[in-house]
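Please find below a colleague's note on the structure, arranged as numbered points. It is meant to be read alongside the sequence and the coordinates.

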Amino acid sequence: MVTRPTLPAGELPTLLDLARQDLESLDDSPTDRLAVQARAATFPRLPGDPGAGFGHPISGTLAGLERLSAASLRAHWARFGQRGSVLGVVADADAQEVYELVAGLFADWQPGEDRPMPAHFQPGLRLHLPSATGEQTHLSLVAPGPGPRDPDWLPWQLALTALSGGSASRLFTRVREERGLAYEVSATPLVLGGEGFVSLYAGSTPANAPATLDVLLAELDVLSQGLSEAEFRRARTALTTGVVFGAESLRSRAYALTRDLALFGRVRPPGEVRAELSALTLGQVNAFLANYHPAEQITVVSLGPDAPDRTLAVSA
């Protein structure tokens, strides 16, 4: 299935129907629809770019599905092959034996074409996607951050954990607990084209959406003032706990192996990550944050009955 797929033509109609159903389901899921359309607007496919862009739906597009055939799929496979594939194995087995087995089984893998895909971020974008039938206003905000191989990656990760890492985080406290503006609010790291970004989401009522947006922007703005000692300790404990529990799960460990190779270019032993977290200081995190101003370049895309801010252009 991996090295010599037959891609039978008889199965294609069923798979195309499933892909179309996935695309049609976006209309019933505002959060998924916003995720796709906000990504496409924030990281657009530039004219002349041979790639599909980072906003391309996983299931493709209706126009693209119409052009698919078993022959075109086979041609695609022959062109790109298995280049970039990573196999992570976590097992009670000798590493050399596993390597020899894998080398034998996959000896005929073909390299294929390898084409890096940069992320074309659009700073300052303001866009509203009308949704007359929706009862909520959904907000998607994206701003730049350090990449995985940047020395500030770890301080940034800790700062994001303090911003949105549980019931004691800033966003949860300010948006949900103190003002009751939104039930769901989050900020997560995003890596595209080797670059780092922070992606924020909040789902609010149309009436509360403007205030929710104001709080999100304000919390990003005050990040440059640094974290408190208590915030720093909570965030570092949370990250360390995640590393410890991840090392105890076979599935999480296998995922970490492949993720590390893709993002960092090497596998990081859990002990090494724990040591880096233990050595990280509040002064290092706050020194990074003093020069980090994500709100200056942030994009804002909303979906709902009304635009939460007059500066947002309304999509046709």
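1. S204 is classed as buried because its relative accessible area is 2%, and the limit for that class is under 20%. The residue belongs to strand β4, which covers residues 195-204. It should be kept in mind that the model is predicted.

2. What does the side chain of S204 meet in polar contacts? A polar atom of that side chain lies 2.7 Å from the backbone oxygen of L181. The side chain of S204 is also joined to the side chain of T212 by a polar contact of 3.2 Å.

3. Beyond its neighbours within four places in sequence, S204 is in contact with Q136, T137, L181, A182, A209 and T212.

4. Strand β5, residues 299-304, is mostly covered, with 6 of its 6 residues buried. T299, V301 and L303 point one way from the strand, while V300, S302 and G304 point the other way.

5. Strand β5 pairs with two strands described here. With β1 (residues 126-130) the pairing is parallel, over 5 bridges, and P130 stands opposite G304. With β2 (residues 137-145) the pairing is antiparallel, also over 5 bridges; here L141 has V300 as its bridge partner.

6. V86 is located in the loop between α4 (70-80) and α5 (95-105). V86 counts as partly exposed because its relative accessibility is 40%.

Conventions: Residues numbered from 1 in each chain as written. Predicted model: local features only at pLDDT ≥ 70, side-chain atom pairs only at ≥ 80, totals over all residues. Heavy atoms only, no water. Helix = DSSP H or I, 4+ residues; strand = E, 2+ residues; numbered from the N terminus. Buried < 20%, exposed > 50% of the residue type's maximum accessible area, 1.4 Å probe, protein only. Polar contact = N/O pair within 3.5 Å; in protein donor to acceptor, adjacent residues only side chain to side chain. Contact = heavy atoms within 4.5 Å. Pairing = 2+ DSSP bridges.
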